[in-house]
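Visitor: I would like to learn how to read helix packing and cores in a model. Please take the features one by one.

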Amino acid sequence: MTEQHQELIDAIEKSAVRLDDYEDLDALVDAVGDARYVLLGEASHGTSEFYTLRAELSKRLIERKGFDFIAVEGDWPSCYTLNRYIKGYRGAPSTARDAIQDFNRWPTWMWANREVVELAEWLHDFNKKKQGARQVGFYGIDMYSLWESMEEIIAYLVRTGSPELEQARKAFSCFEPYGRSEQNYAVNTAFFSASCEDEVVKLLLDMQKKRGQHDRDDEAALSGE
């Protein structure tokens, strides 16, 4: 063994924390200090052990550090359905297992799994104690759900009787030639400068001007945007 290898081993032995049970996660929670953002990764997608530990860490950060916004590598529309259940919004699915049915675009197993259901049920119960206070939310930050997002916006505008409905339908008709293929749209944008951006940006600006006027769900306008 070289001296360099021994130095590395010594550094690991000095800094490593044993993980025998969930209480050992407290060392990580304490290390967060007063940070506003905490990034929790994983060594593999869909592995039960990583999802379980990440959920336990999330619970501790919520209870002990006051975090109330979970952002995950998932599509906004499907995550927002789960968020509605977690926050107990009117018309939301009645169980977490029902809510995860919206994770129907590959890879479904990344979020439609037992570990996420258990975390969602815990968040749902936790939020019941936060009536009138800021509740914990669950949101997706991926940008892959192009067509699902457009469908969700149309549904929101129909539900709220919004005057932007026809404008949205016209804006989204720009995407029809691409046959629900994000790749086709991206290729045409890159090589032929065929973009639907102007129509969508104008729709967004108009929706922002009238944010919150049409729906009783506090976050519905945010979801639309």
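**Reading the packing**

Guide: The axes of helix H7 (residues 146-159) and helix H8 (residues 165-172) cross at roughly 165° and come within 9 Å. That makes H7 roughly antiparallel to H8. This is a predicted model, in which local features need pLDDT of at least 70 and side-chain atom pairs count only at pLDDT 80 or more, while totals for chains, interfaces and linings use all residues. Residues are numbered from 1 along each chain as its sequence is written, and side-chain values use heavy atoms, with hydrogens and water left out.

Visitor: What do the axes, angles and helix numbers stand for?

Guide: Axes are lines fitted to C-alpha atoms, for helices over the stretch in contact, and angles run from 0 to 180 degrees between N-to-C directions. Angles under 35 degrees count as roughly parallel, over 145 as roughly antiparallel, 65 to 115 as roughly perpendicular and the rest as oblique. Helices (H or I, at least four residues) and strands (E, at least two) are DSSP runs, numbered from the N terminus.

Visitor: Which residues of H7 and H8 meet?

Guide: Contact means heavy atoms within 4.5 Å. From H7 come Met150, Ile153, Ile154, Leu157 and Val158; from H8, Leu165, Ala168, Arg169 and Phe172. By class, this contact of H7 with H8 has 8 nonpolar, no polar and 1 charged residues. For the classes, Ala, Val, Leu, Ile, Met, Phe, Trp, Tyr, Cys and Pro count as nonpolar, Asp, Glu, Lys and Arg as charged, and the others, Gly among them, as polar.

Visitor: How are H8 and H10 oriented to each other?

Guide: The axes of H8 and helix H10 (residues 197-209) come within 9 Å, crossing at roughly 160°. H8 and H10 are therefore roughly antiparallel to each other. Gln167, Ala168, Ala171 and Phe172 of H8 make the contact with Glu199, Val200, Lys202, Leu203 and Asp206 of H10. The residues in the contact of H8 with H10 divide into 5 nonpolar, 1 polar and 3 charged.

Visitor: And what is the relation of H4 to H6?

Guide: The axes of H4 and H6 cross at roughly 40° and come within 8 Å. H4 and H6 are therefore oblique to each other. On the H4 side the contact uses Leu82, Tyr85 and Ile86; on the H6 side, Val116, Ala120, Glu121, Leu123, His124 and Asn127.

Visitor: Which residues of the largest nonpolar core touch the most other members?

Guide: A nonpolar core is a set of buried Ala, Val, Leu, Ile, Met, Phe, Trp, Tyr and Cys residues joined through side-chain atoms within 4.5 Å. Of the 23 residues in the largest one, they are Ile70, Leu82, Ile86, Trp111, Leu123 and Phe138. H6 gives the largest share of this core, 6 residues. Leaving aside neighbours within four places in sequence, Ile86 is in contact with Ala120, Leu123, His124, Asn127, Val136 and Phe138.

Visitor: Is Asp26 buried or exposed?

Guide: Buried means under 20% relative accessible area, exposed over 50%, and partly exposed in between (1.4 Å probe, protein chains only). Asp26 is buried, at 17%. Asp26 lies in helix H2 (residues 26-32) and touches Arg60 and Arg64, not counting residues up to four places away in sequence.

Visitor: What should I note about the backbone at Pro107 and Arg180?

Guide: The peptide bond from Trp106 to Pro107 is cis, with omega near -5°. Arg180 has a positive phi of about 55° although it is not a glycine. Arg180 is partly exposed, with a relative accessible area of 46%.
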